Structure formats: C-alpha cells, structure tokens
Amino acid sequence: IKLGSPVRFLSVGRAVEKKGYEDLLAALASLPAELDWTFTHIGGGPRLKSLKRVATSCGLERRTTWLGAQTQREVIHAYQNADVFVLACKIARNGDRDGLPNVLMEAQSQGLACIATRVSAIPELIRHEETGLLAAPGDPEDLARQITRLIGDFDLRKRLAEAGWTQVRSEFSFADCIGVIAVKFGLDEANTTQKSA
C-alpha cells in the first residue's frame, strides 16, 4: 500500500450482469469531483463495450482503464500496483450469481484492501469493517459510500489489507485446504501414515 494519490482501484472479472459493473460505474460517477482516484478493469465479456460507453458518457474516461483479458502474470502485476480491489457482485435477473469469487482471495493475498457486496458466500471472506468493506448488492449509493471511505482513509486501507492478507494466509492456505479434503475422503493422518509405512 502506497501513501499518496490517486487511489488506484482495480477489478478483475468478466463483464457480465452478475458482476455489477454498471453499479460500480454509477458509484464512481457519483463521487465528489475533488476525490483523486483511478479505476482499472481486467477481463473480457459481452458487456465490455457497453461499459466503456457508459464510462465515457459519465465523464469517467480519463480515470478509467480497460485492459481486457490478461495473463495471470499480468493480473498479479496489476494487483501489486493497485491500492483497493472492488467487486460489486449481485444476483442477475436470470438468477445467476457468484459463489465466492477467487479474485477476492487473490487480491487479499497480494495485500489489497477489498470492497465487495453481500452476495452468496462473499461475507464469509470479506467481513465488514474487519477484513474489508461490504455494500448492499445493486446499490450504487452504498457502494459509493464504501469507496469514499477508502479513498479518504489510508490507515483504514492499510488495516483492512493486512487483516485480509492474514485471513487468506491462515484460513485458505493450500495446506489447510488439503487437510480438509483429506478428512472428507477419509485420508486422515493415521491412514496416510499406515500406507506410507
């Protein structure tokens, strides 16, 4: 996390309804003009062209960058050069929704403070005021409030980033996940030891 401006927001995800990018652009467009920020999006998707048009019509073209699909290495580089990760998931009109997007864990693993929405399992990872900030899904005003908080409060960004990083490392580490899977499949330590003996 770097002290200074502008505050660099990043989102990684396909440009589809359930990702809520229209809500995010509406939130960004409503921010007070004096706030200093930029927004970068990574990902393809059928709504990408229309999102770019919306950004332009809202007067956001100077602050927004659309990188399209990128390699994993380029995505990691983008995480490392951002200040805040934001994902405005919601339930699409056809019922489609995210479970727990991997990009949130990726962002936290790279030391980014995160803003997300209360959809599906996201609040299990992003605990409001503890490991990130949450907004109501489909609510640009609430999203704008959370974004404004992180633009104006470096210490809050730092605290949430550190808490998120610690949580991902402790609760979602490879070793822990493998241990849970092993128990579910009956591959407990005794069985493993016996087979390797």
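In which kind of crossing, left-handed or right-handed, does α4 pass α7?

Modeller: Happy to. Please keep in mind that this is a predicted model. The crossing in which α4 passes α7 is left-handed. Helix α7 covers residues 154-171, and its axis lies 8 Å from that of α4, at an angle of about 115 degrees. Angles of 65 to 115 degrees count as roughly perpendicular, so α4 and α7 are roughly perpendicular to each other. On the α4 side, the contact is made by Met 105, Gln 108 and Ser 109. From α7 come Gly 164, Trp 165, Gln 167, Val 168 and Arg 169.

Now let's step from the helix pair to the sheet. Helix α4, residues 102-109, lies across β1, β4 (84-86) and β5 (113-117), and runs at about 160 degrees to β5. Helix α6 (residues 140-152) also packs on the sheet, where it touches β1, β2, β4, β5 and β6. The direction of α6 makes about 160 degrees with that of β6.

The sheet itself is open and has six strands, paired in parallel in the order β3-β2-β1-β4-β5-β6. At its edges stand β3 (64-68) and β6 (133-135); each has a single partner strand, so one side of each is left without a neighbour in the sheet. On average, neighbouring strands are turned by 20 degrees against each other, direction ignored.

Within that order, β1 (residues 7-12) and β2 (residues 37-42) run parallel and are joined by six bridges. Here Ser 11 stands opposite His 41 in β2.

Leaving aside residues up to four places away in sequence, Glu 17 touches Arg 47, Lys 90, Ala 92 and Arg 93.

Finally, a word on the cysteines. Cys 89 counts as buried, at 0% relative accessibility, whereas Cys 58 is partly exposed, with a relative accessible area of 36%. A disulfide needs a pair of cysteine sulfur atoms within 2.5 Å, and by this rule the model has zero disulfides.

Key: Residues are numbered from 1 along each chain as its sequence is written. This is a predicted model: local features need pLDDT of at least 70, side-chain atom pairs count only at pLDDT 80 or more; totals for chains, interfaces and linings use all residues. Side-chain values use heavy atoms; hydrogens and water are left out. Buried means under 20% relative accessible area, exposed over 50%, partly exposed in between (1.4 Å probe, protein chains only). Two strands pair if DSSP finds at least two bridges between them. Helices (H or I, at least four residues) and strands (E, at least two) are DSSP runs, numbered from the N terminus. Axes are lines fitted to C-alpha atoms, for helices over the stretch in contact, and angles run from 0 to 180 degrees between N-to-C directions. Contact means heavy atoms within 4.5 Å. Angles under 35 degrees count as roughly parallel, over 145 as roughly antiparallel, 65 to 115 as roughly perpendicular and the rest as oblique. A crossing is left-handed if the near helix is turned anticlockwise from the far one by less than a right angle, and right-handed if clockwise.
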